[in-house]
Amino acid sequence: MADLLSVPPAPTENVAFFFDLDGTLAGIKLHPDHVAIPEPVRDALSRLSQAHDGAVALISGRSMAELDRLASPYRFPLAGVHGAERRDINGKTHIVALEDETAQRVERQLSEALALLPGAELEAKGMAFALHYRQAPQHQAAIVALAQEIVTQFPELALQPGKCVVEIKPRGINKGAAIEAFMQEAPFRGKLPVFIGDDLTDEAGFAAVNRLGGLSIKVGVGDTQAIARLPDVAAVHQWLQNAAENQKQNALTDRRDGYESLSRSI
């Protein structure tokens, strides 16, 4: 179990960075539409990306369209819907889709069931479905049972619990698989992976990064496979700013050393 008191270092060389969004780069809100990434954090992500040849990606349960909106004006490699959709550094997309009939049947059944649970909300993502109960925690047991019923009925689907949400997604899709796919491609290939996340949905990502010998960082309390921990979103922001600043200082040092070497040669 990761040590809450151990602040992980911000590595600066030959590193690929992966960030969850809700609960990591941005605080969790009662409604997902109220979430925002602060401008200084977006700027730090951009600086980090420039310093590492573009090897910075967002890995989230949100759709890629939402991730682009939240990261604007910057555009990063993305894995949305836990990796069911992914965009590489060249803009090529990789999509795992459900058959239209299956998606329609699942959405219809979930809509009808959640209509009987006031305060619960269905987020249909096409290839996945999120059952939110942050505003109706009394319905947690009913929503979990509903999700289990759906994945039993449709074996091509799997259940993914989260913070006040249960997601239903294509079986075999997870953040770990998304990170491993990125790590096989430029500019991530050959680098040390670092992944920061806060939720049960991030555990597969931590496991993948650990297998690759990287740095996995859990945000907040709770059992985890991550090897390090940050206490909250504010600490993530500070860690990110430090990582971007360390890279800037290294670049200045390299430039100064280059000038000194040139002067000596002259």
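Select Phe19 and look across to Leu58: the two stand opposite each other, with Leu58 sitting in strand 2. Keep in mind that this is a predicted model. Strand 1 runs parallel to strand 2 (residues 56-59), and three bridges join them. Now trace the chain from strand 1 through helix 1 (residues 39-51) to strand 2: you've followed a right-handed β-α-β crossover.

Go back to Phe19 and find Ile196 in strand 10, which also stands opposite Phe19. Strand 10 (residues 192-197) pairs with strand 1 in the parallel sense, over five bridges.

Next, show the side chains of strand 1, residues 15-19. In a regular strand, side chains alternate between the two faces of the sheet. Here Val15, Phe17 and Phe19 lie on one side, Ala16 and Phe18 on the other, and all are buried. With five of five residues buried, strand 1 is largely enclosed by the rest of the structure.

Time for some charges. Select Asp22 and Arg62: they form a salt bridge, with the closest N and O atoms 2.7 Å apart. Asp22 is in the loop between strand 1 and helix 1, while Arg62 is in the loop between strand 2 and helix 2, 40 residues apart. Is Arg62 buried or exposed? Arg62 is buried, at 6% relative accessible area, while Asp22 counts as partly exposed at 21%.

Then pick Arg87 and Asp68, another salt bridge. Arg87 belongs to strand 4 and Asp68 to helix 2, so the pair ties together parts 19 residues apart in sequence.

Last stop: select Asp20, Lys175 and Asp202, which are linked in a network of salt bridges.

Notes: Residues numbered from 1 in each chain as written. Predicted model: local features only at pLDDT ≥ 70, side-chain atom pairs only at ≥ 80, totals over all residues. Heavy atoms only, no water. Buried < 20%, exposed > 50% of the residue type's maximum accessible area, 1.4 Å probe, protein only. Helix = DSSP H or I, 4+ residues; strand = E, 2+ residues; numbered from the N terminus. Pairing = 2+ DSSP bridges. Right-handed = clockwise from strand over helix to strand, strands pointing away. Salt bridge = Lys/Arg side-chain N within 4 Å of Asp/Glu carboxyl O.
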